[in-house]
Amino acid sequence: MAMENQQVKNVLLIILKSVLILASILLLIYPALSNGYALLYSDSATYIASGHDKAVPIDRPIFYGLFVWNTCMGQSLWIVILLQAVIVFALVYYTFSLFAPSGKRIYFSFLTILVLSLFTGLPNYVCQIMPDLFSGILIWLTLLFYFSKTRKSRIFLGIGILFSAIVHNSNLLTFSLLVSFMVLISFVPYFNELRRRTFVLLALAVGSWLFVPSVNYLFQHEFYISKGGGVFFMGRLIESGIVKEYLDENCENNTYELCKYKDNLPQYGWQFCWDAGSPLYAGGCYETGWGNCWIEKNAEYKKIIIDILTTPKYLSEFVKISIRDFFRQFVYFDMVSFSKLDKGVGLDSVVETYLADHFMMSEAQQLKESIFFTTRNLIQRYFIGFSALFILGWIIYYSFKRKVNRNVWLAILIVLSGLIINALIVSAISMVECRYQGRVIWLVPLIACLMVFVPAKFGKTVPLQVFAEGNDRKMKIS
């Protein structure tokens, strides 16, 4: 009888855990369920097409496009967002597997997903056909790499880090700068036991810079990182006003094509890059495809950029503007809105061409009206502020009791550095845009959840442990 009761309890426990996993996935994809389809951004078409056509886009890496296509195989984008939701759940569950008792991991994971889904924009990034989700995942995987306990787990984490770094050029820069910062930190006596794993991450960062052009060579027979970097950065410098000043002072002694348009430059960088009336698409290059304009004019733009950045006057202006915009970007993390899509053009035609579930898109809310997240943005702002204050208060309270160890300091150091570096990069080379910081801000309440659910093992009693390579021998930091 006792054995039968135990079997019934085991079955009920399995059912309960399965329900919690399913509920977690549903929480992460509810924006898509509300929309009636995956959320599509203006760049989503490029990723869908590049994965199918096996062609490296002019303006971005091919890896997320390959991920989308090899996930859905032309059938449905629901498969992609379901996989992205599973990845996020697995990430949270693995985090608690490092700190929580085995019997409580699933419950803490569900509660964390519930909090992040209700009070942050994480589900929006899960439901988008965009690589933005992997910006936050990249930073968190870097943190977990230090906490991982076995060589096998570090291999899987390393693969995840590599993929997350190469799906977007800004991720590659963020990861490289974050690892470089951690190299410096590893020489601080308090963190010197981190040095071995930090140099593994450094090797991974260097390898990613070689992996991207190698794959580009495989598909395009050219060894390069990006063909559109000069165009993007030119858009940024035009938006800052520096290019107008530069052209006014230098066009008399140069024959740059851009000089013809110095009095009619776009106001914003995105207008320069994407508006058909932009100087970028003037001169007949657009007739053979917009990508040809990027290739033809990238060389000239690079010359102008180099001249600007090597001239103290313009460099000083650029630094001042970048610092100003960094502070704006760091606290600008609203969920991006989605404008109503017109039928028969753009995304609609791409989805209909490549995907079997295109009929679902025709019924999606996104094709009927613009989608805004005014209330959710307000909730997220207050919740991020509350989470930051909670973390600060937690640290102050337990610091007085001398119960804050390296686990907490390392987590805060990596996440805060990742947030700062992310904002620095995008504000310097692109523009101030809410989605750039919104894609990583959910990491702040994730740390707060660890402090709430597993305070003992995460921060108050158990010191950070680093495992020696080779035999995984534990080395406790004294």
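A salt bridge here is a side-chain nitrogen of Lys or Arg within 4 Å of a carboxyl oxygen of Asp or Glu. Keep in mind that you're looking at a predicted model. By that rule, the count comes to 17 salt bridges.

**Stop 1: Asp59 and Arg60.** Select this pair and show the side chains: they meet in a salt bridge, 2.7 Å from N to O. Are they buried or exposed? Asp59 counts as buried because its relative accessibility is 5%, and Arg60 is buried too, at 7%.

**Stop 2: helix α15.** Go to residues 312–330 and pick out Asp325 and Arg328, which sit 3 residues apart, about one turn of the helix. Their side chains form a salt bridge with an N to O distance of 2.8 Å. Colour by accessibility here: Asp325 is buried at 2%, while Arg328 is partly exposed at 45%.

**Stop 3: Asp334 and Arg381.** The closest N and O atoms of this salt bridge are 2.7 Å apart. Asp334 is in the loop between α15 and α16 (347–354), and Arg381 is in helix α18 (residues 374–400), so the pair ties together parts that are 47 residues apart in sequence. Asp334 is buried, with a relative accessible area of 13%, whereas Arg381 is partly exposed at 41%.

**Stop 4: the rings.** Switch to aromatics. How many aromatic pairs does a search of the whole structure find? The search turns up 31. Zoom in on Phe108 and Phe453: the ring centres are 5.2 Å apart and the planes are at 15°, which is under 30 degrees, so this pair is stacked. Phe108 belongs to helix α5 (residues 105–119) and Phe453 to helix α21, so the pair ties together parts 345 residues apart in sequence. Phe108 is buried, at 14% relative accessibility. Then select Tyr47, Tyr64, Phe67, Phe134 and Phe163, which form one aromatic cluster.

**Stop 5: Arg439.** Find this residue in the loop between α20 (434–438) and α21 (443–453). Arg439 counts as buried, at 0% relative accessibility. Draw a distance to the side chain of Ser170 and you get a polar contact of 3.0 Å. Beyond its neighbours within four places in sequence, Arg439 is in contact with several other residues, including Tyr125, Asp132, His168, Asn171 and Asn422.

Stop 6: Most residues other than glycine have a negative phi. Lys54 isn't a glycine, yet has a positive phi of about 55°. Look for Lys54 in the loop between α2 (44–53) and α3 (63–72), where it is partly exposed at 33% relative accessibility. Met73 is another non-glycine with a positive phi, about 50°. Met73 lies in the loop between α3 and α4 (77–99) and is partly exposed, at 48%.

Val11 sits in helix α1 (residues 2–35) and counts as partly exposed, at 46% relative accessibility.

Note on methods. Residues numbered from 1 in each chain as written. Predicted model: local features only at pLDDT ≥ 70, side-chain atom pairs only at ≥ 80, totals over all residues. Heavy atoms only, no water. Helix = DSSP H or I, 4+ residues; strand = E, 2+ residues; numbered from the N terminus. Buried < 20%, exposed > 50% of the residue type's maximum accessible area, 1.4 Å probe, protein only. Polar contact = N/O pair within 3.5 Å; in protein donor to acceptor, adjacent residues only side chain to side chain. Contact = heavy atoms within 4.5 Å. Phe/Tyr/Trp six-rings, centres within 6.5 Å; stacked < 30°, edge-to-face > 60°.
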